[in-house]
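The following paragraphs lead through the structure shown below, beginning with a sheet and then turning to the nonpolar cores.

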Amino acid sequence: MAESWESIDVKLSPAPDQRIPLMKSRRGRRRGDTWVVSVFVIIEIGVFIATMLVNDCWTNSHGDCILQSLGRFSFQPLPENPLLGPSRSKLDEMGALRRSLLTEHHQTWRLFTFPFLHAGLFHLLLNLCSVIYVGVRLEHEFGPARTGIIYALSAFVGALVASLFLQNIPAVGASGALFGLLGTLLSEIVWNWKFHSNKISAIATLVFVFVCNFVIGFLPYVDNFSSIGGFISGFLLGSVFLLSPPLRPPVAPNKGGLIDYGIKSYIKLKLKQKLDRPVLRIVSLVLFGLLLAGCLVAVLHGININSYCTWCPYVDCIPFTSWHCKDTETSCETMVSNAQLTMTCIGNGNFRVFPFTNISRARINDLCYVIC
């Protein structure tokens, strides 16, 4: 007797618990969703171009510039600005932070311009390359809204922290927002440690970007305290806003006992995530609120932590032949003769002769600082 066989098509559909994580996977975001990082990058480039236009080294410094062929966009001499950027007085004009301007003249608007200023071309290139590298990754994973909030709040908190350590030299803090992103990246790595396949690479990349940008903060005008404040706030905000990777039911071999163990482990992990994450986020949000409120109150009361911490200035500065880390007033004696200007530092006796006399008071102060 011939046996007849019927073919049966069987279609397996994933369980609901398996479909939802796949639909909500962050890797499914459109790769074009990086407009927040792009906007901040364009703004900071625009601000630097405007700064160099205002600086106008060719006119204000009588042609004593680096890359003179750039004309109005040429840079101040290296003894003035080793980062290829504007003069001290022009950084002040563009909104840099300085203790006297913040505490005596109450120019609190500088807290909002400070995070968008760069000390020079080297600072700009390193900072923006790092922002693009880190920011695009975070925006791909978590979306533009969260990344933008973390970027802006970290920049502001960085400005507040920097205000507590200011000296009477201009300081810029575009690195605060970058370090906020780095702190966010660290929090994502720490809290989602089990889900990272290449942990060593992630940590090494973060450390490399951190060290490179922190080292440049030891040069004049770049504020490292804003970087520290931004990093701490970024870590706390990352703990509040970043979602955990989607969990999927474990796939276990079809053997007795192993399936039960896999399901139980998944349920425990899911419950642990639901119980722990809200607590973690609430604690992180409270700590960030205390940090923001405490720094804001301290800034409004004009507190200067350098008065209580003698070594703190060296976190932001390494002494060199062309600059020092002491917050001392510089004064020079000027003398005009035969269409020449002679400036002599009262503190150390150094002097310099300039072949011009039509010079502004702000420019005299710039040159006096270099001589002294």
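**From the sheet to the cores**

In this predicted model, S337 lies opposite Q340, a residue of β2. The strands concerned are β1 and β2 (residues 340-345), which run antiparallel and are joined by 6 bridges. Both belong to an open sheet of 3 strands, ordered β1-β2-β3 and paired in antiparallel fashion. The edges are taken by β1 (332-337) and β3 (351-354); each has a single partner strand, so one side of each is left without a neighbour in the sheet. From one strand to the next, the twist averages 15°. Helix α13 (residues 361-371) packs on this sheet and touches β1, β2 and β3. The direction of α13 makes about 50° with that of β2.

In soluble globular proteins, nonpolar side chains tend to be buried together. Here the largest nonpolar core has 54 residues, and the members that touch the most others are V131 and L182. Two or more residues of this core are given by each of α2 (35-55), α7 (121-142), α8 (144-163), α9 (175-191), α10 (199-215), α11 (224-241) and α12 (258-300). The largest share, 8 residues, comes from α8.

Which residues is V131 in contact with, leaving aside its neighbours within four places in sequence? They are V37, V41, V136, Y151, L178 and L181.

Key
Residues are numbered from 1 along each chain as its sequence is written. This is a predicted model: local features need pLDDT of at least 70, side-chain atom pairs count only at pLDDT 80 or more; totals for chains, interfaces and linings use all residues. Side-chain values use heavy atoms; hydrogens and water are left out. A nonpolar core is a set of buried Ala, Val, Leu, Ile, Met, Phe, Trp, Tyr and Cys residues joined through side-chain atoms within 4.5 Å. Buried means under 20% relative accessible area, exposed over 50%, partly exposed in between (1.4 Å probe, protein chains only). Helices (H or I, at least four residues) and strands (E, at least two) are DSSP runs, numbered from the N terminus. Contact means heavy atoms within 4.5 Å. Two strands pair if DSSP finds at least two bridges between them. Axes are lines fitted to C-alpha atoms, for helices over the stretch in contact, and angles run from 0 to 180 degrees between N-to-C directions.
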